[in-house]
Amino acid sequence: MKIWIDVLGCPKNEADSESLEAILVNKGHEIVKDLEDADVAVINTCAFVSDAKKESVDEILDLVNYKNQKDIKVVVHGCLTQRYFKEIRKEIGEIDAILGVVPPLRIAQAIEDLEDFNGPPQPVYEFLGRIIGEKPYAYVKIGDGCDRKCAFCAIPSIKGPLKNRGYDDILEEINFLVRNGKKEIILVSQDSTSYAYKGKNFIDLLKAIDDIEGDFWIRLLYLYPDGVNEDLVMTVANSKKILHYFDIPLQHASAKILKLMRRNPDIESVKRKISFIRSKMPDAIFRTAFIVGFPQEEEADFEELLQFIDEMKFDRVGAFVYSDEEGTESYTLNPKVKKSVARLRFDRLLERQQEISLERNRKLVGMNFKTLVEGFENGMYFGRTYMDAPEIDGLVYIPSSKPVKIGSFVNVKVKSFEFYDLEGDLQ
């Protein structure tokens, strides 16, 4: 069969998709890039927030409508179908197979058999190969599901409790990816700092990956604040390959809102951690994420968040307007913040962060950075430094009259900047 795959939602889904592609190819199927060439269309859905759910539903409906033009089978899996299996099966009967959160091997079987699977989530899989695409980086899932009880988050009810992958299995996959030319390994999980498997913890895993031979970066994503301790900080500081990039979603800075969110309200401890990290790694980059418009958020709470951003000077900030998700504790929490007010706060937060980002980028002019070259467009090469994660952060643009190998490391001297992107010359 010829199979077309569409991946929606978070980077963790991309890792699953590349594993699924490898399994299908090993079974004798062909992965195609154009939908019109496919016998089967597969969608990996997301249901984290309302916008993600809408995107997933729209994509499903588009494919179902496409079936009126061409004889094609449609297989849907992932978080949306795990959460709303009965509703989707009832309302969109044209789908040929529906699965929830299951390992890639189970999805491959469903593609061949066109059978539904409506059961508990099974988010962890064994390494059975990966498709080596053109990107010089790869996401590696070290676990899935979550034991946290954040009031706004539906992930535990969708994916179940945290299930970590086997220690040796992860190392086997990373060795495979490095041998096949990947220059950046990005570790992902719903809660990376809680990794534990048969006596091995997150620190053990990081040290083992750091010892793998090869010229490659290790980037850590989704570090829960309480899990960022001195051992982790010193492991990163003393490593050869782990980037000084700390992705720590904080969600808010008001103790009142953090308590309502069922997060640690001790924001002073967060400040101390960030200060400690900067004392050990002056070049450390901090990415975080905040939710605005959470129920009972007042203007004073939001101003407290803005003051926190001004004080901490984060390098990268993602912001989200609160999404009222059924089944979560915050769904029943009142009063709600008006959407218009939440949107205005969202815009104000991003405007404030833009000013900080611009000032931080201004200081980079004249500095040299190791840069991973990712592609070429509009007459310039582009890539990323250690300061930027793929798909969510900025890029470095590199004008060059001589060819540069995509997927290689080069040294770039920054000469100009914008809010998020840089431009520099090869050295």
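Strand 12 (residues 217-220) directs Trp-217 and Arg-219 one way and Ile-218 and Leu-220 the other way, and all are buried. Strands here are DSSP runs of E with at least two residues, helices are runs of H or I with at least four residues, and both are numbered from the N terminus. Buried denotes a relative accessible area under 20%, exposed over 50%, and partly exposed the range in between, with a 1.4 Å probe and protein chains only. The model is predicted: local features need pLDDT of at least 70, side-chain atom pairs count only at pLDDT 80 or more, and totals for chains, interfaces and linings use all residues. Residues are numbered from 1 along each chain as its sequence is written, and side-chain values use heavy atoms, with hydrogens and water left out.

Strand 12 pairs with strand 9 in the parallel sense over 4 bridges; two strands pair if DSSP finds at least two bridges between them. Strand 9 spans residues 184-188 and contains Leu-187, whose bridge partner in strand 12 is Leu-220. Leu-187 counts as buried because its relative accessible area is 1%. Beyond its neighbours within four places in sequence, Leu-187 is in contact with residues including Val-140, Ile-142, Ile-174, Phe-202, Ile-218, Arg-219 and Leu-220, where contact means heavy atoms within 4.5 Å. Leu-206 is also one of these contacts; Leu-187 and Leu-206 are 19 residues apart in sequence, and their C-alpha atoms are 9.6 Å apart in space.

A further set of strands forms an open sheet of 3 strands in the order 13-14-15, with parallel pairing. Strand 13 (245-247) and strand 15 (316-321) stand at the edges, each with a single partner strand, so one side of each has no neighbour in the sheet. From one strand to the next, the twist averages 15°; axes are lines fitted to C-alpha atoms, for helices over the stretch in contact, and angles run from 0 to 180 degrees between N-to-C directions. Strand 13 is joined to strand 14 (residues 285-292) by 3 bridges, and the two run parallel. Tyr-245 stands opposite Ile-285 in strand 14.

Not counting residues up to four places away in sequence, Ser-17 touches Ile-5 and Val-7.

A cavity is a set of points, on a 1 Å grid over the protein atoms alone, where a 1.4 Å probe fits but cannot get out, and its lining residues have an atom within 4 Å of a point. Grid points are joined across faces, edges and corners, and a volume is the space filled by probe spheres set on the points. There are 3 cavities of 30 Å³ or more.

The largest cavity holds about 120 Å³ of space. Its lining comprises 17 residues, with Asn-13, Asp-16, Gly-78, Val-101 and Val-102 nearest its centre. Helix 1 (11-26), strand 3 (40-45), strand 4 (73-78) and helix 5 (104-113) each supply at least two residues of this lining.

The second largest cavity has a volume of about 110 Å³. It is lined by 13 residues, of which Pro-225, Asp-226, Leu-250, Asn-264 and Val-270 are the closest to its centre. Helix 11 (residues 267-280) gives the most to the lining of the second largest cavity, with 4 residues.

Key: On a 1 Å grid over the protein atoms alone, a cavity is a set of points where a 1.4 Å probe fits but cannot get out, and a pocket is an open set with protein on both sides within 12 Å along at least five of seven lines; lining residues have an atom within 4 Å of a point.
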